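Here's a quick walk through a model, from the whole chain down to a few residues. Have the sequence and the 3D view open as you read.

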Amino acid sequence: MHNIELKILIGLHRNVRSLDKKTSDIAAKYNLTFSQFMVLEALYSKGDMSVGEVRDYILSSVGTIPLVVKNLEKMDLITRRIDEKDKRISILHLSEKGKEIIQEVAPQNEQMVLEYISVLSEEEKKQMVSLLKKIGGKNNEERN
């Protein structure tokens, strides 16, 4: 790998890891793990979703999501119901307690992200989004 490509890769990893750590710290104040926060945030922003849809949305592995969902149910933060159209599919729904918690945690996380990215100008932010889409689009085509 060439030097500049390696620097890009390392830079992307470091920034994602740093943001994930900051999100984990915020979630921990509410006795949530990073993955639990991500599931709650997905349901809060997108509405009811199947377990598979949540897994895909938060980019979780197949093996970890059932445990995360089970623990969120035990904490009374989500409920699970069987899909009427396909009995094999579970639909996840935020409970009132889950809504209350995510309504406190999500804005704190959003503020953290805004502060983290604030070192960039508006033009730099637009350019970064464009570049990430360009890289992602090219690599997504290669996967198909």
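## The chain overall

How much of the protein chain counts as buried? Of its 144 residues, 24% do, where buried means under 20% relative accessible area, exposed over 50% and partly exposed in between, using a 1.4 Å probe on protein chains only.

A word on ground rules: this is a predicted model, so local features need pLDDT of at least 70 and side-chain atom pairs count only at pLDDT 80 or more, while totals for chains, interfaces and linings use all residues. Residues are numbered from 1 along each chain as its sequence is written, and side-chain values use heavy atoms, with hydrogens and water left out.

The protein chain has 6 helices and 3 strands, laid out in sequence as α-α-β-α-α-β-β-α-α. Helices (H or I, at least four residues) and strands (E, at least two) are DSSP runs, numbered from the N terminus. The C-alpha trace spans about 50 × 35 × 25 Å along its principal axes. Among contacts (heavy atoms within 4.5 Å) with a separation of 6 or more, 51% come from residues 24 or more positions apart.

## The H1–H5 pair

Now for two helices. H1 (residues 3-28) packs against H5 (residues 96-117) at an angle of about 150°, with the axes 10 Å apart. Axes here are lines fitted to C-alpha atoms, for helices over the stretch in contact, and angles run from 0 to 180 degrees between N-to-C directions. The two are therefore roughly antiparallel, a label for angles over 145 degrees.

On the H1 side, the contact is made by Asn15, Ser18, Leu19, Lys22, Thr23 and Ile26; H5 brings Val105, Gln108, Asn109, Met112, Val113 and Tyr116.

## The nonpolar core

The largest nonpolar core has 25 residues, and Val39, Leu40, Leu43, Val54, Leu72 and Ile78 touch the most other members. Such a core is a set of buried Ala, Val, Leu, Ile, Met, Phe, Trp, Tyr and Cys residues joined through side-chain atoms within 4.5 Å. H1, H2 (34-46), H3 (51-58), H4 (65-74), E3 (90-94) and H5 each supply at least two of its residues.

Take Leu43: not counting residues up to four places away in sequence, Leu43 touches Asp48, Met49, Val54, Ile78, Leu92, His93 and Leu94.

## A look at Ser50

Ser50 sits in strand E1 (residues 49-50). Ser50 is buried, with a relative accessible area of 11%. Leaving aside neighbours within four places in sequence, Ser50 is in contact with Ile89, Ser90 and Ile91.

Conventions
Angles under 35 degrees count as roughly parallel, over 145 as roughly antiparallel, 65 to 115 as roughly perpendicular and the rest as oblique.
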